[in-house]
Amino acid sequence: MDFQQRLEKAVQRGTRANEEEMRRAQQNAASLEEARGLHTKFRLELSEQIEACLRQVAHHFPGFQFATLVSDLGWGAKITRDDFGPADGGKRGNYFSRLEMAIRPFSEARVLELVAKGTIRNKEVFSRQQFQRLDEVDLTSFHSLIDFWTLEYAELYARQR
């Protein structure tokens, strides 16, 4: 095989590799859009449950302020409360309590991630996260976690107030 034939074969291999790479990129873009759509569907369903649960806690403990979370950190809700009470040294103290729960935005990792942070009287009582790959999501487990973490916070708050 002379140089000209080897050159033509090299060009053909390069052309085939380029076409294959473009085909894979198109498939990846399509599956990326599908994954985005799936994440959005899950996010909407779970953020509605988060809002419903946190509204109930705020209703049960007067003084909590409810707010919907929509930011680059995620979608969900939070409840916050400021209290005043005696502190060390006989002074008046300011005590902050909050429960925040959100679904993180879509990322290249293609996971559904639930995060929660609870604070009672200026002390963080928990900071948690749970995630699953989008193609393996078990929504029942996420619904159960939202309920469990909310109930756990309510019990801790009732115990410490």
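1. A residue is called buried here when its relative accessible area is under 20%, and exposed when that area is over 50%. The model is a predicted one, and the values that follow should be read with that in mind. With a relative accessibility of 0%, G118 falls under the cut-off and therefore counts as buried.

2. As for its setting, G118 belongs to strand β4, which covers residues 111-120. Once the neighbours within four places in sequence are left aside, the contacts of G118 are R98, L99, K123, E124, V125, F126 and Y153. By contrast, D135 is 17 residues away from G118 in sequence, and the C-alpha atoms of the two are 29 Å apart in space.

3. Turning to the fold, the protein chain contains two helices and five strands, and their order along the sequence is α-β-β-β-β-β-α. The radius of gyration is 25 Å, well over the 15 Å that the globule rule gives for 161 residues, so the protein chain is more spread out than a compact globule. Along the principal axes, the C-alpha atoms fill a box of roughly 95 × 35 × 20 Å.

4. Where contacts join residues at least 6 apart in sequence, 50% of them link residues at least 24 apart.

5. Finally, the accessible surface of the protein chain is about 10500 Å², with 50% of it belonging to carbon and sulfur atoms. The protein chain carries 24 positive and 24 negative side chains, and the centres of these two sets are 5 Å apart.

Conventions: Residues numbered from 1 in each chain as written. Predicted model: local features only at pLDDT ≥ 70, side-chain atom pairs only at ≥ 80, totals over all residues. Heavy atoms only, no water. Helix = DSSP H or I, 4+ residues; strand = E, 2+ residues; numbered from the N terminus. Rg over C-alpha atoms; globule rule 2.2 N^0.38 Å. Contact = heavy atoms within 4.5 Å. Areas by Shrake-Rupley, 256 points an atom, 1.4 Å probe, with all protein chains shown as cover. Lys, Arg positive; Asp, Glu negative; His and termini not counted. Charge placed at Lys NZ, Arg CZ, Asp CG, Glu CD. Buried < 20%, exposed > 50% of the residue type's maximum accessible area, 1.4 Å probe, protein only.
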